[in-house]
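Student: I'd like a close look at one part of this model, please. Can you walk me through it in one go?

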Amino acid sequence: MTTPLLQVEDLRTWVASGDRIARAVDGVSFSIERGETFALLGESGCGKSLTALSIMRLLPDAGAIVSGRVRLDGTDLVALPERRMRDFRGRKIAMIFQEPGASLNPVMSVGDQVRETLARHLGLVGDAADRRVLELFDAVGIPDPERRLGEFPFQLSGGLKQRVMIAAALACEPQLLIADEPTTALDVTIQAQVLELLRDIQRRSGMSMLLITHDLGVVAETAHRVAVMYAGEIVETAPREIFFSRPAHPYTRKLFASVPGESARDAPLAVIRGAVPPLWQTFEGCRFADRCDRAGEVCVQVVPTFRPVAPGQSARCHLYNDDGPGVVTETAPAAVAPPRSVGSVAPDTLLEVEGLKIHFPIRKGLFKRVVGHVRAVDGISLTIPRGRTLALVGESGCGKTTAGKGIVRLLPATAGAIRFEGVDLLQLDQARLRRRRRDFQIIFQDPFASLNPRMRVLEIVGEGIAALGIATTAGEREARVDMLLAQVGLAYDMKYRYPHEFSGGQRQRIAIARALAVNPKLIVCDEPTSALDVSVQAQILNLLRELQERLGLSYLFITHNISVVEFLAHEVAVMYLGRIVEHGNVHDVLHSPAHPYTQALLSAVPRIDAADRRSVVRLQGDMPSPAAPPPGCHFEPRCPKAKVACAQAYPTEVTLSAGHRVRCILYPE
Amino acid sequence: MMAGFRPVILWTDALVLGLVASVFLFALYTSRHEHLRAPWRKVARSTSGMVAATVLLGFFVVGFLDSMHWQRALPGDNKAGTATRYAPEVLSVLDVVAEPLRTHPERTFSAPFAVHAHTRETVTLPDGGQVRDFPRLKFGGRHLADPERDRDADISLGVLQGIALAVVAWIAAGALVTGIAAARSRRRFGEVSGDLWHGRLDTPLRAVLITLGVLLCLMVPLALLSGRYHVFGTDKVGQDVFYLTLKSIRTGLVIGTVTTLVMLPFALVLGLMAGYFRGWVDDVIQYLYTTLSSIPGVLLIAASVLMMQVYMDTHADIFDSVTRRADFRLLFLCLILGVTSWTGLCRLLRGETLKLRELDFVHAAEAFGVGPWRIMLRHVLPNVIHIVIITTVLGFSGLVLAEAVLSYVGVGVDPAMNSFGTMINAARLEMAREPIVWWSLAAAFVFMFVLVLSANLFADAVRDALDPRIRAQFVRPGVWQHLAREANSRLRVGAR
Amino acid sequence: MLRYLIRRVLYAIPILIGVNVLTFTLFFIVNSPDDMARMQLGVKRVTPEAIDNWKRERGYDRPLLWNGSAQGIDRVRDTIFFTHSLRLFKFDFGTAESDGRDIGHEIRTRMWPSLSIALPVFIVGLATYVTFALLMALFRATFLDFAGVLVCVTAMAISTMFYIIGGQFLVCKLWNLAPISGFAPGIGAWRFILLPVGVGLVAGFGESSRWYRTIFLEEINKDYVRTARAKGLSEGRVLVHHVLRNALIPILTGVVVVIPGLFLGSLVTESFFGIPGLGSYTIDAIGSQDFAVVRSMVFLGSLLYIVGLILTDISYTLVDPRIRFE
């Protein structure tokens with residue numbers, strides 16, 4: 001066997017933050033074989049991206065490699081002078097980044113951005129370069145490459161931009177491609193396209209790939225070997241099959257257990273208690289010890305070494321010491337909640353939305369004439385019973401967030417009715433609406449933008465109590481805040497702190513407490529966990545479900561994450577370009593999706609479980625603009641099953657079974 | 001000397017006092033709120049910022065002393081029943097402190113520390129004959145019997161005395177600072193002073209104390225000697241340049257601060273309204289500031305000041321003294337500078353508010369039915385206040401510089417008011433004299449330079465601390481080498 | 001593109017009207033023409049006849065906005081607002097109050113000396129400052145960058161007037177290299193231009209270089225710069241081809257808007273160097289309290305500023321494809 005292509009040995013990269021030095025990458029070693037896809041998996045802040053940047057020697061100004069070796073084909077990259085290193089970048093190692101939008105130069109045509117690499121390393125200019133760029137665009141599946149050459153990044157969709165990035169990276173046929181969360185910013189159907197492209201290219205060219213990701217599903221579908229990073233160290237490496245069937249490190253096991261999904265539906269998700277330790281300290285024991293269920297005395301006293309635990313599999317854990325307890329047996333999660341049924345009795349309706357339209361005018365010209373409308377929400381109807389969860393599922397730009405904000409009257413509706421306990425919210429005047437507002441609240445996606453950084457928790461949570469007159473005196477208000485904080489699992493003395501002192505998960509708890517403060521009956525949850533790591537997401541999902549059971553809340557749960565839907569929802573509505581295309585209870589929609597879009601969406605979700613994997617229904621192109629939707633069925637231009645009739649009229653709603661409705665002409669009435 | 005005097009509060013005095021009070025209140029409020037205090041702690045850790053703040057504080061003390069005015073009662077008429085009459089002259093605390101400087105004019109130019117005039121005059125000899133010679137000054141070095149022999153020794157002695165005094169004062173200040181630091185950290189005095197001298201405290205107290213020492217060693221000897229000499233010389237009409245320079249400080253400070261006070265309400269209210277309400281409110285406010293900012297600043301100021309001059313000339317009876325007249329003009333200049341300078345901040349605040357009002361915490365407040373004004377006050381304003389502070393501090397030095405230009409152009413402060421601008425304007429023509437008269441210009445240059453430089457450095461420190469956009473943190477390459485060595489040695493220890 | 005430009009020009013009209021109304025208010029309503037006459041003639045020896053005479057000579061004897069005694073359209077036309085403010089839109093500036101000369105003619109002849117100094121300062125300055133700022137960005141976080149910033153901060157703390165006085169003292173008085181002040185028509189002007197241009201360059205150095213450096217550093221931390229480095233491009237090429245091209249957008253915002261205003265010259269520089277340009281013209285007008293000239297310059301200044309705004313928008317379309325393909 002030949003030597004590995006890339007060997008990283010004891011890499012240490014430190015980053016200055018404030019007055020402190022964080023040991024962000026602290027002794028990382030791994031190797032990548034030729035033609036292999038090696039996945040580096042970890043939650044945010046574990047040092048995986050900095051490891052990648054260290055290999056490229058593209059660290060931010062505040063960071064530096066303090067020791068270690070990175071050997072590519074025998075050459076130690078760390079020891080190279082910067083000038084020689086430049087010959088490697090883009091030629092032997094190429095890299096693509098998470099945000100294709102920000103990673104392309106906005107004022108340079110995409111053709112030029114690829115040509116630049118060709119000119120730098122291969123000396124290709126003029127027609128030869130043009131031909132090569134066209135070839136590359138063709139290879140990465142950019143339609144109509146001649147036209148795209150002169151276009152600028154802002155004219156391309158997210159998926160196309162990432163394809164351009166890949167084309168530029170592949171231009172000089174590098175030996176190693178580093179992909180840093182290449183699909184995290186993309187929608188799930190686009191993610192499926194890009195992952196397939198990467199797999200395909202790798203198969204054809206035989207290059208190696210270092211895939212940085214936080215998504216177990218992406219790893220399962222793409223990687224040959226996996227390394228898990230935690231707090232600056234690699235805690236486990238294994239071939240994919242072993243990794244998914246027999247994860248060794250307690251942290252890895254916990255990660256698997258905290259992924260929501262249908263199988264987890266009947267019990268709370270496993271959570272990892274506590275938080276990642278700060279990295280400016282020197283560790284005396286295992287970095288995971290204080291969050292680990294199985295930690296013993298040795299774990300806090302002795303730094304564990306990285307040792308083989310099975311053929312091809314190694315872990316950094318004392319459980320695998322010669323004198324340790326050995327391979328852990330799986331402990332069954334304690335069943336706390338009773339099994340949840342799926343829609344047996346239909347309770348009474350809390351919210352009924354009928355034909356809701358939210359259009360934004362497009363204004364132009366001197367007098368701001370309205371020249372068109374963005375039909376963000378274009379006539380949706382849905383109902384939410386008391387104590388139930390309706391998941392509103394769709395990709396970015398489909399109008400689901402607009403719909404959520406419209407329902408709680410944060411955006412003006414253009415038409416339709418929102419009947420809350422029989423009262424149409426759209427007909428209420430300001431004063432009466434204000435009194436009604438205590439019944440419906442909203443939780444937002446970004447835990448950092450949703451709390452005013454200049455207010456203490458007490459004021460944040462107390463704002464609604466004061467505004468809607470829930471408690472009259474300051475003492476009552478404070479007592480209520482204490483109660484609410486306890487309800488969401490925070491200590492009451494945290495109320496004197498400011499948001500920046502909390503982690504993302506804690507902030508989301510505060511946001512939930514704020515919404516609960518006015519005793520709402522309905523909470524619109526707008527992607528409340530999509531900015532969180534999977535282990536933290538588990539905590540929030542558990543909390544939301546527990547609160548629902550205790551307080552009888554109804555949720556309108558807006559999300560793009562199918563596994564969260566499986567875990568939490570009773571009913572599902574799938575949205576595409578401003579309209580609901582399929583609606584039904586969670587079991588029906590997820591197991592026998594009727595609409596071609598739902599089918600494509602579900603098939604594109606990367607699955608951890610290989611048995612669960614279905615063949616991906618590949619969608620063409622991107623979602624059209626809601627300012628100019630297609631004349632017939634909105635999905636018709638991309639639909640693999642489209643017929644001529646689809647382009648003529650928007651299909652009417654067809655009921656397939658009790659409560660399962662779809663808008664598609666494939667299903668005759 | 002009789003005690004009769006009445007305080008005079010000029011318009012700008014009132015504003016200066018109001019400003020000091022509001023800064024004090026803001027500081028008090030800030031100190032009680034951790035998130036507000038944190039960035040200022042960062043300012044306090046910046047060496048250049050704290051050194052600059054020390055120098056600025058010196059300027060502000062002079063300016064503040066010069067902002068407390070009164071009129072002396074005239075002697076005589078002390079009978080009961082008759083109202084006391086007051087001297088028309090309005091004096092400030094600074095005027096009294098610097099009494100000899102103010103009351104000992106020469107006839108015309110004299111060089112710094114000179115004992116003779118700068119130009120030849122016809123001197124009448126005791127025997128009645130007349131010669132053209134450099135006459136002795138009326139004040140500068142008057143106490144010297146033989147100036148040629150004694151002057152240098154006298155000055156050296158004065159300097160030594162001054163430095164000795166400065167050192168004593170400095171040691172006292174140092175002990176006080178160390179004592180406070182020790183008391184606050186509950187450590188022993190000796191320990192803290194050791195840390196201070198080795199720069200181990202988190203605030204750069206050492207640098208502050210060094211700055212203070214340098215300031216004291218420069219200013220105390222000057223102040224001592226200014227009682228015997230014209231340390232910076234005299235100008236064309238024989239006024240002491242040191243005194244003029246000190247008086248100019250207040251003018252610069254007032255322009256730099258009061259203008260901000262004038263413009264803040266406009267910028268804040270309009271900027272927040274435009275950004276929050278959008279729609280036609282935004283259109284109107286945008287129209288307003290585009291129109292105002294389209295007029296070149298100097299020309300708008302010139303036009304307004306000319307118009308005010310006409311007004312003041314036709315209503316000369318309103319102003320009962322030269323001081324009041326000059327003060328009114330200064331106030332008006334601040335007003336008009338404020339009116340021309342709010343547009344920039346307003347535009348910034350509008351943009352920021354547009355962004356903020358789309359943030360989720362504003363939506364969350366709306367979901368509780370909180371009204372727009374309350375949202376602006378509680379959610380928007382606290383999140384833009386750093387922009388206001390940064391703009392204010394950055395704008396200060398620009399305004400000080402602008403005053404000089406405007407006064408030169410003839411639309412600045414009243415010619416009777418001392419300012420850096422009027423000093424430069426008066427002195428620039430004297431550069432052509434032979435031998436050259438350089439001291440007025442040099443004095444104005446040095447003081448203005450130090451004032452503006454320290455204001456800029458302080459502003460930089462404030463901006464770095466308050467600007468939430470994370471700036472690239474620069475770590476010098478040497479630091480990394482040190483860290484790498486440390487890492488390696490730690491690894492070796494671990495290996496053993 | 002053309003429609004876009006037409007729209008921009010149309011936006012300018014209400015702003016100019018606003019400026020016109022504002023100046024009218026300032027010059028004729030805050031103080032009446034009588035006040036101005038008294039001021040101009042000297043407060044002491046003024047008789048009502050002298051005032052009326054002064055007003056008649058300058059056409060200020062009309063009503064301000066509405067002439068009740070006139071007929072038809074003249075009720076509006078025969079007013080101060082119409083004859084003195086609105087006619088500025090026709091570039092009819094009238095005559096100076098102090099010496100009765102035609103303001104329009106003065107402007108046309110005096111703008112060339114102003115331009116001969118302002119334009120070189122602008123062009124050479126832009127090139128110098130951008131280069132210097134790029135160098136600081138290239139050597140960021142090193143001693144060179146630190147020293148550069150220090151020079152900038154120090155240079156910023158010095159008033160323009162000191163640069164002028166210092167320059168005149170060194171170059172003219174000590175070294176005798178150039179005349180202190182004055183101007184010559186035609187090609188002979190270069191001797192008089194050199195020093196003001198040099199001083200202008202030095203005076204603007206600190207602030208501009210530092211500002212450009214800030215812009216460059218802000219761009220340097222963006223993701224696309226990292227992408228460019230990941231391609232193996234040299235730091236110089238990254239700076240020039242990627243950072244500079246993007247930084248041009250914020251730079252142009254501040255730079256293009258002043259181009260039309262270059263005609264107006266610099267008040268202080270021209271006055272110190274005795275350049276017969278529009279700057280010194282304005283200063284003289286302020287000195288002699290010639291309101292007609294000040295009024296004309298205010299209008300002209302606003303007009304040029306608005307032209308600058310339009311030029312800025314056009315320049316965006318050149319550097320920013322997002323606007324070009326709007």
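Predicted model: local features only at pLDDT ≥ 70, side-chain atom pairs only at ≥ 80, totals over all residues.

Tutor: Chain C splits into domain 1 (2-90) and domain 2 (110-319), and their C-alpha centres lie 35 Å apart. As for your count, 19 residues of domain 1 of chain C touch 17 residues of domain 2 of chain C. Together the two domains bury about 1,700 Å², with carbon and sulfur atoms giving 75% of that. On the domain 1 side, L16(C), F27(C) and L88(C) lose the most area to domain 2, together 30% of what that side buries.

Now for the polar part. The count between the two domains is 1 salt bridge: R8(C) and D313(C) pair up through their side chains, at 2.5 Å from N to O. For polar contacts, the rule finds 1 residue pair across this interface, with both residues at pLDDT 80 or more.

Which elements does domain 1 bring to this? Both α1 (2-29) and α2 (33-41) of chain C supply at least two residues each to the side that touches domain 2. Of the elements there, α1(C) gives the most, with 12 residues. Sorted by class, that domain 1 side has 14 nonpolar, 4 polar and 1 charged residues. So much for the make-up of the domain 1 side; the numbers above cover the contact between the two domains of chain C.

Key: Residues numbered from 1 in each chain as written. Chains lettered and ligands numbered in written order. Heavy atoms only, no water. Domains from an automatic or database assignment. Contact = heavy atoms within 4.5 Å. Buried area = accessible area lost by both parts, 1.4 Å probe. Salt bridge = Lys/Arg side-chain N within 4 Å of Asp/Glu carboxyl O. Polar contact = N/O pair within 3.5 Å; in protein donor to acceptor, adjacent residues only side chain to side chain. Helix = DSSP H or I, 4+ residues; strand = E, 2+ residues; numbered from the N terminus. Nonpolar A, V, L, I, M, F, W, Y, C, P; charged D, E, K, R; others polar.
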